[in-house]
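Here are some notes for a first look at this structure. Please read them with the model open.

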Amino acid sequence: MTHADLRADMLRHLTYSFGKDPEHAHIRDWRMALSLAVRDRIVDPWFDATRKTYAGGHKRVYYLSMEFLIGRLLEDAIVNLGLLETARDAFADLGVDFTEVLENEPDAALGNGGLGRLAACFLDSLSTIGCPAYGYGIRYEHGLFRQSFVDGRQVEEPEDWLLQPHAWEFQRPEAAFEIGFGGSVDESGRRAVWRPDEMVVAAAYDTPIVGWQGRWANTLRLWSAKPVRAFDLESFNRGDYVGAAAPEALARTISRVLYPDDTTEQGKALRLKQEYFFTASSLRDVVRRYLSEHDDLRAMPEKVAIQLNDTHPAIAGPELVRLLHDEKGLPFEDAEQAARGCLSYTNHTLMPEALERWPEELMASLLPRHMQLIERIDQAHAKANPGRKVTAIEDGEVKMGELSFMMAHKVNGVSALHTGLMKETVFAELNRLHPDRIVNQTNGVTPRRWLLSSNPGLSRLIDDTIGNGWVDDLERLSELESHIEDNGFREAFAEAKASNKRELARFVRETEGVEIDPDAMFDIQIKRIHEYKRQHLNILETIAYWRAIQENPDRDWTPRVKIFAGKAAPGYVFAKKIIHLVNDVARMVNDDPVTSRFLKIVYLPNYNVSLAERLIPAADLSEQISTAGKEASGTGNMKFALNGALTIGTLDGANVEIRERVGAENFFLFGMTAPEVVARRTVANHAEKAIAESPELARAIGDIEDGVFTMDDPERYRDIAQNLRGADYFLVCSDFSSYYDKQREVDAAYRNRDEWNQKAALNTARSGWFSSDRTIRGYMNDIWMARSAL
Ligand code: 26M
C-alpha cells in the first residue's frame with residue numbers, strides 16, 4: 001500500500017464515515033479517519049485467523065484478566081502493519097502533524113499497573129506468535145483515575161476514555177449472556193438448581209489485536225453490564241419516569257469503574273460481583289464455542305486452556321464445575337477434573353494484605369451455589385490428602401489463592417525468585433502435596449511497543465547494525481555485542497539516547513515549566529507508589545545528596561535529574577504522603593541557587609502507558625529498589641534495561657535475572673537479600689541502629705521532621721519520620737547506606753561517559769531474553785500445551 005492509497009482511504013472515511021470535509025477536520029477527526037483506514041487492514045487477517053483456528057482444530061487459549069492496561073492502540077497497529085512511513089508520508093501530503101494525530105488518542109487505562117500491563121504485552125505476543133487466543137475482561141466505563149497535583153497533593157479525577165470517539169471495538173449484540181446473583185439453591189430434584197434473584201446481561205465488545213507484520217490477529221473480548229430490561233415498565237406506566245430507568249443504572253454499575261487499589265483487598269461486594277460477572281460470561285462463551293465443535297465435555301482440556309491472571313477470576317473453578325455438573329450433567333468428579341485440566345493460575349504477589357479472601361457470608365449471599373461447590377471442592381481435596389490441614393475455607397473466609405491452586409493443573413510465579421518464595425511460603429503445604437504443580441514463567445515485555453515504537457532512534461540504529469529480525473526474535477540483539485567495540489556504533493548509541501533525553505527535556509519544559517539539562521544523568525523511578533517499592537528511600541537519598549552538594553558547592557558533582565512518576569491508591573494515606581513529600585522536596589531543591597546546577601527533581605503527574613513510552617527511552621538510570629522478596633517480578637525493570645538504562649537495584653523479582661544476563665559489572669547492586677531481610681526484621685531497633693550508623697540518613701530524616709521542606713506546616717511529615725524510626729517494615733533505614741554509597745559509585749561511573757555507554761549498550765544487547773514472546777512460548781509449552789497456528 002502506498003501513502004496515496006492510505007490518504008485516499010482516510011479521506012473516504014473522513015467524508016463518508018464521519019461526514020467531515022478535510023477543510024474543517026479537527027485533529028480528532030484525522031485520528032479517527034486514520035484509525036478506520038488502519039482497522040480496515042486488520043479485519044482480513046483477523047477473519048483469516050479465526051478460520052484457520054476452526055479449520056486446523058487448534059487448541060485455544062483464554063486469558064482471563066480483570067485488567068488490560070493497553071495504552072494507545074493506533075500507533076501499535078500502524079507499527080505492526082509496517083505502515084509507519086506510509087502514514088507519515090500521507091500526513092505530510094495533507095499538511096497535518098502526524099505525531100499530533102497519534103497523541104490525540106486517549107490511553108485505554110483499564111488496569112492499575114504491572115498485572116494489567118503484562119496482560120497487554122501477552123496479547124501482543126500471542127498474536128505475534130500466532131497462538132489462537134482470546135483475552136477476556138471488563139469493559140470499564142472509567143479506567144484508572146487521572147492524577148493531578150494541587151499544592152503537591154495527589155488529586156484524583158475520573159477517567160472517561162469511553163466518552164471519546166473510539167475506533168477499535170466492535171459491539172457483538174449476538175454474544176450476550178444473562179448472569180445471575182443471589183437467590184437460593186433448589187436441591188429437591190436430581191440436580192441442584194440455582195435460582196438467582198438478580199440478573200444482568202453481559203454484552204460483548206471485541207477488539208482485534210494484530211501481531212507483528214499482520215500475520216495473525218486475536219480477539220480481546222470485554223464485557224459490558226446491561227439491564228435485562230432497559231426500562232421498568234410498571235414504574236413507567238405509573239408515570240415514575242426516573243424510577244423506570246433505575247434498572248439500567250443498577251446493572252451498569254457492575255462495569256462502571258476499575259477498582260484503583262492494587263495494595264489492599266477490601267472485600268467489597270461490588271468487586272466480587274465484577275469478578276463473577278466477567279468470569280461467568282467468559283466461561284459461558286468458552287463452553288458454547290467448545291460445544292459448537294465438540295461434544296465430549298470431559299475432553300475439553302485438549303482444546304481449551306484458561307489462564308487466571310491472579311485470583312481475580314478464581315471463581316472460574318467453582319463456576320466451571322457448576323456449568324459442567326449442574327447444567328450439563330457431568331458427575332461432580334468428572335466436572336472437577338475437566339475444569340482443572342483447563343485451568344491454570346498465575347500468582348503476582350506474596351504480600352499478605354493483597355491476597356484475596358472473601359467472607360463466606362458474602363460469598364453465600366451473592367453466589368449461594370458456588371459457596372456449596374467451594375465447600376465440596378475443599379472437602380474433596382481434604383479427602384484426597386488425608387492428614388493435611390490446608391484448606392480453602394478458613395476463619396469464615398474463602399481464600400482465593402488456595403481455591404485457585406486446588407482448581408488449577410499448573411500454578412506459576414512470575415520470576416525465579418518469586419516462584420521459589422511461593423514454594424517456601426504461601427503455598428508451601430500445597431506444594432508438598434502437588435510438587436509438580438508450581439512452575440516459573442519469568443515475565444517479559446513486548447519489544448514492538450517497548451523498543452520499536454517507543455524508541456525509533458535506537459531501533460533504527462539496531463536495524464542498520466543487525467537488520468530487523470530482532471523485532472520478533474529479540475535474542476538476536478546479542479548480535480549487537482560484537483559492534484560495541486566499534487567507536488562509531490558506541491557514539492551512535494549514545495546519540496540515540498541523547499536525542500531521547502533532549503526530547504524529554506523539551507516535554508518537561510513545556511508541561512511543567514522546569515528546565516532540565518539533557519547532559520545530566522536522567523535517573524528515573526516510575527511505578528505505583530507503595531511502601532515496598534520504596535520511593536521514600538529514593539527521596540531520602542536525594543535529600544542527602546542535596547545536603548552534600550550544599551556543604552561543598554565547589555566540588556565537581558555529577559549533575560542529575562531525579563524523575564518520579566506514579567499514582568497512589570486513593571485510600572493509601574502513606575503513599576499519598578510520599579507523593580506530597582517528593583513534591584515539597586522538589587520545590588525547595590529546584591529553587592536552591594547553590595545546588596540547582598547539579599540536582600533537579602521532577603514529579604510528572606498522571607503516569608500512564610504513554611508517559612512510560614516517553615520516559616523509558618530517555619533514562620540513564622533505572623531505579624528498582626524494592627525491599628528484597630516483595631516485588632514479584634517487575635516489568636518496568638526489563639523495559640529500562642532493553643532501552644539501554646543501567647539499573648540500580650536490589651536482588652528482588654526479575655532484577656536477579658536481569659543482573660545475571662546483563663552482567664554484574666553492568667548493574668548497580670545494593671541492599672539486603674530476601675533472607676537477610678527476614679533476618680534483619682528480628683534485630684531489635686534495626687532502624688534506630690541504621691540511623692545511628694549513617695549521619696547522612698540521620699540528617700535527611702531530621703530534615704523532613706524539622707519541616708525543612710514544609711515551613712508552613714512543620715508537622716506534615718512527622719508520621720513518615722516516625723514510621724522510619726520505628727517499625728520501618730520495609731527496611732528503608734537498613735538499606736540506606738548501601739544505597740547511598742552505590743549512588744556515589746553511579747556518579748563516578750557516569751563521569752566516564754564512554755564506559756557508561758558501553759555498559760548501556762551491553763544492557764540492550766543482553767536483554768533479548770526479556771521479550772514476552774519468550775514468556776508466552778514458556779506458557780504454551782509448560783502450561784497450556786498449545787501450538788502456534790502459523
Ligand atoms: C485486588 C482487589 C481489589 C482491587 C484491586 C486488586 C488488585 C489489582 C491489581 C490487586 C493487585 C493488582 O495487581 C498486582 C500487580 O500488579 N502485581 C504485579 O504484577 C506484575 C506482573 O506480574 C509484577 O511484575 C509485579 O512485581 C507485581 O507487583
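1. Start with one pair of residues. K576 forms a salt bridge with E156, and their closest N and O atoms are 2.8 Å apart. Keep in mind that this is a predicted model.

2. Next, the domains. The protein is divided into domain 1, made of 57-72 + 107-443 + 780-784, and domain 2, which covers 464-770. Taken over C-alpha atoms, the centres of domain 1 and domain 2 are separated by 35 Å. The contact takes 37 residues from domain 1 and 41 residues from domain 2.

3. How much area is buried between domain 1 and domain 2? The figure is about 3,000 Å², and carbon and sulfur atoms give 59% of it. In domain 1, the residues that lose the most area to domain 2 are Q147, F149 and M351. Together they account for 18% of what that side buries.

4. Polar links come next. Across the interface of domain 1 and domain 2 there are 2 salt bridges. Between the two domains, 18 residue pairs are in polar contact, counting pairs with both residues at pLDDT 80 or more.

5. Which elements supply the side of domain 1 that touches domain 2? At least two residues each come from β2 (68-71), α6 (114-129), β5 (146-150), β6 (153-157) and α16 (416-424). By type, the residues of this side divide into 13 nonpolar, 14 polar and 10 charged.

6. Now a sheet. Its 3 strands run in the order β14-β16-β15, the sheet is open, and the pairing is antiparallel.

7. β14 and β16 (residues 397-399) pair in the antiparallel sense over 3 bridges. R357 stands opposite K399 in β16.

How values were computed
Residues are numbered from 1 along each chain as its sequence is written. This is a predicted model: local features need pLDDT of at least 70, side-chain atom pairs count only at pLDDT 80 or more; totals for chains, interfaces and linings use all residues. Side-chain values use heavy atoms; hydrogens and water are left out. Domain bounds come from an automatic or database domain assignment. Contact means heavy atoms within 4.5 Å. Buried area is the accessible area (1.4 Å probe) that two parts lose on being put together, summed over both. A salt bridge is a side-chain nitrogen of Lys or Arg within 4 Å of a carboxyl oxygen of Asp or Glu. A polar contact is a pair of N or O atoms within 3.5 Å; within protein, one must be able to donate a hydrogen and the other to accept it, and residues adjacent in sequence count only if both atoms are side-chain atoms. Helices (H or I, at least four residues) and strands (E, at least two) are DSSP runs, numbered from the N terminus. Ala, Val, Leu, Ile, Met, Phe, Trp, Tyr, Cys and Pro count as nonpolar, Asp, Glu, Lys and Arg as charged, and the others, Gly among them, as polar. Two strands pair if DSSP finds at least two bridges between them.
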